[in-house]
Amino acid sequence: MQTIVLVDPESDFLEWAVHQLETPTTRVLTATRTDEAYRLYFGENADLLVTDTHMQPYNGLELLARVRQRDPNAMVVLTSAFGTTQSVIESMKLGAYDFIRKESLPFNLKVVVDAALKAQNEMRAATAFKPQLTVDQHQDSIVGQSEAMQQVFKMVGRVAHSEAPVMITGESGSGKELVARAIHHYSRRSDKFFVAINCAAIPETLLESELFGHEKGSFTGAVTQRIGRFEQSDGGTLFLDEIGEMPMQVQSKILRVLQEGEFSRLGGNVTLRTDVRIVAATNKNLEQEVARKQFREDLFYRLNVVRVHLPPLRQRVEDVKLLCEYFLARISSQKHLPRLRLSEDALRLMEAYPWPGNVRELENTLQRASVLATTDVLLPKDIPLGMIGVAVPPADLEAGGESASKSIPGPAPSAGVDGSSNSAVQSAIETLFQAAAQDKSLHLLPWLEREFTIAAMKLTRGNQLKAAKILGVTRATLRKRIERFGITRELNIQ
Ligand SMILES: Nc1ncnc2c1ncn2[C@@H]1O[C@H](COP(=O)(O)OP(=O)(O)OP(=O)(O)O)[C@@H](O)[C@H]1O
Ligand SMILES: [Mg+2]
């Protein structure tokens, strides 16, 4: 038996609503005052509270706040004849499950109440299950129980102690950098530096000096001597991320370091020695790049001594639950929230989704869900799937193939939870036009171009190649824009 407490000043309305909502398994208790409703809700251990906003002695929002203060998981639905924007926003902020305008009640009351009761059931069921996983929020762990990830862990353990270069492959967001760090962490070099460099994020002309350093005056702009990453990571591990983007000229220099442990700074004639373990990563198919003469074959074989492949998340659905638990535990402790968890249905939703952005997308989705949720238990409605803007070509999803780059420009595969992306875009455009109408100095298109450029660079953490793909422009165009808009500092690009 489930119990609803229904609160409204009008007895006619109460009578009508009770008739709508009562079933053999649902009882409805009514109140015409909020203080009475509060006592009833807790006294009867009710499952749902439905209240009007205009109430005495205190209003419905206040009742919502008081009830949720005592029971942060309470399900509360507000009704109002007025439904001002402010009260709608305020109620959602206070954690209401929904807000119904009185005029739409005849159509919506039963639907919303049933959904809220179902959510309450799911939440109770999920609360009964206590997650076991303990998480150290200061340390990144690699989580995975699938056979594929077990193989990865074994491989990390086996190669950590050797000095051999390691090549890590896998789609974007699948955990390549995490694995690279783990290899360093478990190696004999762990007390020395782990230095990461993203070959795609640094302009070609600067990459060489970034890696090998330069002597003062070696080129225009080289006003001081610079120590490169190879020198910085001496004794440690150098992580060459996105090595598939490395220009040919730099490739040959890397080869020399790998073969002879030697290099010189740009513009210098002293040969320096370095003892660096190289770990490289790519989401490209390097064999293909070799065949297309875009990547040196000899370097490929040098680097590819040990290979660790991270399968995309959609091929290890068994890991989704554990990853969710792990990230929710971290998010909860970072935000000082009660331990968040997923309802059964929400978990099923997460397991069915193809995760084109892999673990990174899953983590971001949970971050957003934790903001949207109104209870400790995340329900399907709280989970904003497919909003990250990385899409995988359908053919590739079916084949589960490992081919080339998986990020292609274009809209997200599915639009929000309710497929409302068009109207969301429409309303965003309207808001922008309103802003432009108010602020005459705002030139919409150049401004948007700048904002989008910054956003894409932030989203990809400064990866120019990926940012350019998302924006649908060439990397050269992107670079020009970064320069033109003078946003280098804003992006904190090294
Ligand atoms: N198995 C895992 N367990 C826990 N966290 C993970 C796992 N895999 C990835 N992550 C997390 O997901 C995010 C993305 O991982 P990472 O940066 O290593 O991906 P990547 O393969 O290097 O992606 P890209 O190609 O886009 O650079 C990171 O925050 C990482 O900590
Ligand atoms: Mg990476």
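Q: At what angle do helix α18 and helix α20 pack?
A: This is a predicted model, and in it α18 covers residues 444-459 while α20 covers residues 475-485. Their axes lie 10 Å apart. The packing angle between the two helices is about 115°.

Q: Is the crossing of α18 and α20 left-handed or right-handed?
A: The two helices to look at are α18 (residues 444-459) and α20 (residues 475-485). Follow how one passes the other, and the crossing of α18 and α20 turns out left-handed.

Q: How many charged residues does the contact of α18 with α20 have?
A: On the α18 side you'll find Glu-449, Arg-450 and Thr-453, and they meet Arg-481, Ile-482 and Phe-485 of α20. Sorted by class, this contact has 2 nonpolar residues and 1 polar one. The charged residues number 3.

Q: Which residues of α14 make the contact with α13?
A: Helix α13 (residues 318-334) packs on helix α14 (residues 344-352) at about 120°, with axes 9 Å apart. That makes α13 oblique to α14. From α13, the contact uses Val-320, Lys-321 and Cys-324. Its partners in α14 are Leu-347, Met-350 and Glu-351.

Q: How many nonpolar residues are in the contact of α13 with α14?
A: The crossing of α13 and α14 is right-handed. Going through the classes, the contact has no polar residues and 2 charged ones. The nonpolar count is 4.

Q: Are α13 and α15 oblique or roughly perpendicular to each other?
A: The axes of α13 and α15 come within 10 Å. They cross at roughly 45°, and α13 passes α15 in a right-handed crossing. With 65 to 115 degrees counting as roughly perpendicular, α13 and α15 are therefore oblique.

Q: How many nonpolar residues does the contact of α13 with α15 have?
A: From α13 come Leu-323, Cys-324, Phe-327, Leu-328 and Ile-331, while the α15 side includes Val-359, Leu-362 and Leu-366. By class, 2 residues of this contact are polar and 1 is charged. The nonpolar ones number 8.

Q: Which residues come nearest to ligand 1?
A: There are 17 residues around this ligand, and they divide into 5 nonpolar, 7 polar and 5 charged. The nearest are Ser-172, Gly-175, Lys-176, Glu-177 and Val-359.

Q: Which domains each give at least three residues to the shell around ligand 1?
A: Look at two stretches of the chain, 149-310 and 313-399. The shell draws at least three residues from each, and they are domain 2 and domain 3.

Q: Which two residues does a cis peptide bond join?
A: Head for the loop between β3 (48-52) and α3 (60-70), where Pro-57 is found. Omega at the cis bond is about -10°. The pair joined there is Gln-56 and Pro-57.

Q: What is the phi of Lys-293?
A: Lys-293 is found in the loop between α11 (286-291) and α12 (297-303). Although Lys-293 is not a glycine, its phi is positive, at about 60°.

Key: Residues numbered from 1 in each chain as written. Chains lettered and ligands numbered in written order. Predicted model: local features only at pLDDT ≥ 70, side-chain atom pairs only at ≥ 80, totals over all residues. Axes fitted to C-alpha atoms, helices over the stretch in contact; angles between N-to-C directions. Helix = DSSP H or I, 4+ residues; strand = E, 2+ residues; numbered from the N terminus. Parallel < 35°, antiparallel > 145°, perpendicular 65-115°, else oblique. Left-handed = near helix turned anticlockwise from the far one by under 90°. Contact = placed C-beta atoms within 7 Å. Nonpolar A, V, L, I, M, F, W, Y, C, P; charged D, E, K, R; others polar. Near = placed C-beta within 6 Å. Domains from an automatic or database assignment.
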